[in-house]
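Reader: Hello! Could you pick one part of this model and take me through it closely, with the cut-offs behind each term?

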Amino acid sequence: MSHESAPRIPTPATIEDAPAAAQPLRNQRGHVDASEGAAVKAAGYDDRKVIEIVLHGALNTWTNYINEVAKTEIDFPVVVTAFKAA
């Protein structure tokens, strides 16, 4: 059985679900209300995973800031995405 045809074992809070869980946090600059926090927890994320999501977002932002200050030359093709930064 190939990997592609193997059934996906339903598990809460898979890595594929992390962007959706992080979206309210990103869109509201960390100011999420209790219902949004409860929804993330209900999706299967524990406190450690929530902190990991926050840290990944912070690292990505920090890296972007450093690259802007350093005027890092982009040496790979630009990828067009559906998401526009605020």
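Author: Isoleucine 66 counts as partly exposed because its relative accessibility is 40%; buried means under 20% relative accessible area, exposed over 50%, and partly exposed in between (1.4 Å probe, protein chains only). This is a predicted model, where local features need pLDDT of at least 70 and side-chain atom pairs pLDDT 80 or more, while totals for chains, interfaces and linings use all residues. Residues are numbered from 1 along each chain as its sequence is written, and side-chain values use heavy atoms, without hydrogens and water.

Isoleucine 66 sits in helix α3; helices (H or I, at least four residues) and strands (E, at least two) are DSSP runs, numbered from the N terminus. Together with Leu59 and Trp62, Ile66 makes a nonpolar surface patch of about 320 Å². Areas come from the Shrake-Rupley method with a 1.4 Å probe, and for residues only the protein chains shown count as cover. Patch residues have over 30% relative accessible area and no salt bridge; like charges are joined within 9 Å, and nonpolar side chains (Val, Leu, Ile, Met, Phe, Trp, Tyr) within 5 Å. A salt bridge puts a side-chain nitrogen of Lys or Arg within 4 Å of a carboxyl oxygen of Asp or Glu.

The chain as a whole has three helices and zero strands, and buried residues make up 9% of its 86 residues.
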